Amino acid sequence: MARYLVKRILISIATLLVILFVLFLLLQFMPGSPFNDAKLSPEQIEVLNEKYGLDKPVVERFFTYIVNMCKGDLGVSYSLSQDTPITTLIKTRFPVTMAIGFAAMLVGTIFGLLLGFLTSFFKKKWMNFIYHFFTILGIAAPSYLAAMLFSLLFGYKLEWLPLLYDYRHPVISSIMPVVALSLPVIAIVARFSKAESDDVMKSDYVLLARCQGLKRSTIIMRYIIRNSLIPVITTMGTLLVGLLTGSLVIEQMFSIQGIGQLLTDAITANDYNVVIGLSFIYSLIYIVVMLIVDILYCVIDPRVRLTGKSKA
């Protein structure tokens, strides 16, 4: 386990370095600059470029950035919030994005697993109808469409929930964003869990367990659910990263001051440091989540080896 973790961490560090270097190159060739103010003269822009080191070669800037990043310094904002440390901007916005993303993942996973497994186990017509309704709705309808309907019905018509996010009442303000973001998760998790449990129930070892007279509940818990969770966990890891990094439209709709909105503002303003800092955070989240998913494989199914081999 320790050897595997060290190997994965080293690969992750190398991947992050490549991502950052590619970002530096791409931003170097982007049109415009962080100082697009028409009031600034060419001489003033030159002074600003020299102040922030933007006049230096891209390779030198890259290595300087890496050294500072290892010290916990992601630089300062050039134009979005001039001279404000990137870490300060992220600290003020990251918690709300994380809270809403994790809440949507938790809600979507719980309801998705329940919907998928119960539909597979009991084969009721009314459960099949609910299953197909939510899976088709969650996959076909984007989250922002559900958010618009929720806002119209529960926010505007019934006035049960606030239309905009209120930091004084974070729980009630998060209900509509969380539910809207959780719908695709419910659909995807339900489809995977049902498909996998259907396949496992047809397997030889489940048939053997039934012939041995084991209780239905024992077979479900020990064999079916456990063996159905591995592909579901893979999907959940990708979905979690998507929720934490892709909730931009929802943040805009509910006026949530999260990192998604910060990234959009930074791209619009050509604020290179903010874009690179947030991209680094996004990449780090993805790599950490995928590492946790790999470790969970071995917890759920000991036959899965960390070396990539399986014990027959």
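Helices α3 (58–70) and α13 (272–300) each put at least two residues into the lining of the largest pocket. Keep in mind that this is a predicted model.

**Largest pocket**
- The space inside comes to about 340 Å³, and 17 residues line the pocket.
- If you want to find its centre on screen, go to Tyr 52, Thr 64, Asn 68, Tyr 78 and Asn 273, the lining residues closest to that point.
- Helix α3 is the top contributor to this lining, giving 5 residues.

**Second largest pocket**
- This one has a volume of about 200 Å³.
- Its lining is made of 12 residues, and those nearest the centre are Ile 233, Met 236, Gly 237, Val 293 and Leu 296.
- Two or more lining residues come from each of α4 (86–122), α10 (216–245) and α13.
- Helix α13 also shows up in the lining of the largest pocket.
- No charged residues turn up in the lining of the second largest pocket, which has 11 nonpolar residues and 1 polar.

**Helix α8**
- Helix α8 runs through residues 175–201, 27 residues in total.
- From first C-alpha to last it reaches 36 Å, close to the 39 Å expected at 1.5 Å a residue.
- There's a kink of about 30° at Ser 182, shortly before the proline Pro 184.
- Most of α8 is covered, with 19 of the 27 residues buried.

Definitions and conventions. Residues are numbered from 1 along each chain as its sequence is written. This is a predicted model: local features need pLDDT of at least 70, side-chain atom pairs count only at pLDDT 80 or more; totals for chains, interfaces and linings use all residues. Side-chain values use heavy atoms; hydrogens and water are left out. On a 1 Å grid over the protein atoms alone, a cavity is a set of points where a 1.4 Å probe fits but cannot get out, and a pocket is an open set with protein on both sides within 12 Å along at least five of seven lines; lining residues have an atom within 4 Å of a point. Grid points are joined across faces, edges and corners, and a volume is the space filled by probe spheres set on the points. Helices (H or I, at least four residues) and strands (E, at least two) are DSSP runs, numbered from the N terminus. Ala, Val, Leu, Ile, Met, Phe, Trp, Tyr, Cys and Pro count as nonpolar, Asp, Glu, Lys and Arg as charged, and the others, Gly among them, as polar. The expected span of a helix is 1.5 Å times one less than its number of residues. The bend at a residue is the angle between axes fitted to the seven residues ending there and the seven starting there. Buried means under 20% relative accessible area, exposed over 50%, partly exposed in between (1.4 Å probe, protein chains only).
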